[in-house]
Amino acid sequence: MYTKEEIRAVRFYTGDVEGSEPFWSDPKAYVVLNSLFFDGIGTETARAGEGKYLDPDIIADIPRLAGFFNALFSVFGKNRSETERHTFRVERFSDYSVMKQKGHTVSFTSTSEAGFLSEYRDRTGIALMKFIIPQGTPCIPMGEVLSEYVKSSEAEVLLPPFMELDITESAVSPGNMCITDRNGAPPVTECRVLCGKYRRITVNENSDKYGAEAGIRVFNALNEGREPSAEDIALYIAWKRELFTVSERTDND
């Protein structure tokens, strides 16, 4: 059902990597991969501020990057949830606010059928998200797609970028106040999220290489605790906007 390239892309996204080959050996490549879908560099800055490494190799080879994205998008195109699923996510409040404002997922969004995972509380300011994934929704249940799933305890169900979300906020329940962020602060909010339609994305592997090169300099500066140059920021942001095209056609049918 899935090609070798598709399975490799799914394994790579989960952090199941081996060897020392640039790009493919980074177990936390998703830190950069997801930041590419956000406007500006606020997401990159937040991740670097949390001590996460922005790997320049992820964007150093645009055709390689496009090949990964296209393979992962292809898996979403082949897979629909066979049942209604209920999943959970501990999200950065800043990223949650963007999703709420836009009304859809911005990047790949990892959710768990095993509850709110403590591994993802290493963030400054958190929102607790409870997802309802209707039957027939494009998603990737890792344990069902991968024959060998090294993080099976996480019971991950991955949602694609640009999936419509109907978000209903509520006060944080008393039982969840103990779920704290990296600074020991309780959740800012809790919400129920109903997943909706998803729009297909294409990747422009001929996007401006100078923008990607500027992105590498931005990453290096943020990794070192420096302020990137305004020129590099502008080039990188323009490149991110050029990298993806979102179809008007929904991909749930």
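In the predicted model, helix H9 (230-243) and strand E8 (244-250) each contribute at least two residues to the lining of the second largest pocket, helices (H or I, at least four residues) and strands (E, at least two) being DSSP runs numbered from the N terminus. H9 provides the largest share of this lining, three residues. The second largest pocket holds about 220 Å³ of space, and of its 15 lining residues, Leu36, Phe37, Asp39, Phe162 and Lys240 are the closest to its centre. Pockets were taken on a 1 Å grid over the protein atoms alone as open sets of points where a 1.4 Å probe fits, with protein on both sides within 12 Å along at least five of seven lines, and lining residues have an atom within 4 Å of a point. Grid points are joined across faces, edges and corners, a volume being the space filled by probe spheres set on the points. By class, this lining comprises eight nonpolar, three polar and four charged residues, where Ala, Val, Leu, Ile, Met, Phe, Trp, Tyr, Cys and Pro count as nonpolar, Asp, Glu, Lys and Arg as charged, and the others, Gly among them, as polar.

The largest pocket has a volume of about 450 Å³, and of the 27 residues that line it, Tyr30, Arg89, Ser110, Tyr120 and Arg123 are the closest to its centre. At least two lining residues come from each of helix H1 (4-14), helix H2 (30-35), strand E1 (85-92) and strand E2 (109-112), with E1 giving the most, four residues. The lining of the largest pocket has ten nonpolar, six polar and eleven charged residues.

Residues are numbered from 1 along each chain as its sequence is written. As the model is predicted, local features need pLDDT of at least 70 and side-chain atom pairs count only at pLDDT 80 or more, whereas totals for chains, interfaces and linings use all residues, and side-chain values use heavy atoms, with hydrogens and water left out.
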